[in-house]
Amino acid sequence: ATEEQFYILAPLLLFFFNRYFLKKSLASYRNVLIFIFFVPAIARFITWDLFLGLKNFEINNYLLYIYRPFHNNCEGLIAGMIISNFYYDENSFFKRGLKFPAVLWTSGLLLFLLSFLSKIYWNFTGVAFGFGVLLIYTLMRNGWPTNFLSHRFFYPISKTSFAIYLIHYHVIYNLVPIKLIKKMSLGFGNMELIAAFIYVLITCIFISILLHILIEKPFMILREKFLEK
């Protein structure tokens, strides 16, 4: 439900800023977003060190107090808002062009490596930086990453990826028949994980195609009708 909370809070933030801030500009709003971007990292430190009093990684506490609460893991969503802000600002680097792509790639890679420094404190921050830089690059330049990701091969993946993301957890924990996995592994115990992965992937793709046809596509058609009016 992280995204659902974001879809509620982000418009409220926009409304609040537009109503109560004197400088109603993209640049001033961007400064607010940049400040908010670092709030989850601070919240994780407060949660893990001060509230829980933990020093070492513990998976159950991590899932319960870091991975699930919205305020502890929303950097990626805020990064999307910042990039969108830059993109629509006539005075930003988006309009001036990307002069030093190598610097962008290098800085993005280094910032992405933050995610490996600490799963507790910097994981979400590093991932947001890394994929944020990739998104900026693909929006600004035509090159092999953009052309590769624009290939028609990725169209069905992009159409079903959100449904796969939503259902994979339930498929793993509720729809994996252990006996079938053992048969798929042909008696080799070390093959069971690979067999389970293949089964989960195929099952998720099949269910996601059904969800796309029965739910997503009809609602997108309905959306277009509303937009036409």
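**Getting to know the core and a buried serine**

Student: Which residues does Met-81 touch, leaving aside its neighbours within four places in sequence?

Tutor: In this predicted model, Met-81 is in contact with Phe-6, Ala-10, Tyr-29 and Leu-33, once its neighbours within four places in sequence are set aside. Each of these pairs is called a contact because heavy atoms lie within 4.5 Å.

Student: Which members of the largest nonpolar core touch the most other members?

Tutor: This core has 22 residues, and those touching the most other members are Phe-37, Met-81, Ile-82, Phe-94 and Ile-136. At least two core residues come from each of α1 (2-20), α2 (26-37), α5 (75-88) and α9. The largest share, six residues, is supplied by α5. Apart from this core lies another one of eight residues, including Val-171, Ala-195, Ala-196 and Tyr-199.

Student: Why is Ser-118 called buried?

Tutor: Its relative accessible area is 14%. Buried means under 20%, so Ser-118 counts as buried. Ser-118 sits in the loop between α8 (114-117) and α9 (123-140).

Student: What does the side chain of Ser-118 reach?

Tutor: The side chain of Ser-118 reaches the backbone nitrogen of Tyr-121 at 3.1 Å. The cut-off for a polar contact is 3.5 Å, so this distance falls within it.

Student: Which residues of helix α3 are buried?

Tutor: In α3 (residues 39-51), they are Pro-40, Ala-41, Ala-43, Arg-44, Thr-47, Trp-48 and Asp-49. Their cover includes α2, α4 (59-67), α5 and α9. Just after α3, Gly-53 has a positive phi of about 70°.

Definitions and conventions
Residues numbered from 1 in each chain as written. Predicted model: local features only at pLDDT ≥ 70, side-chain atom pairs only at ≥ 80, totals over all residues. Heavy atoms only, no water. Helix = DSSP H or I, 4+ residues; strand = E, 2+ residues; numbered from the N terminus. Buried < 20%, exposed > 50% of the residue type's maximum accessible area, 1.4 Å probe, protein only. Polar contact = N/O pair within 3.5 Å; in protein donor to acceptor, adjacent residues only side chain to side chain. Core = buried A, V, L, I, M, F, W, Y, C linked by side-chain atoms within 4.5 Å.
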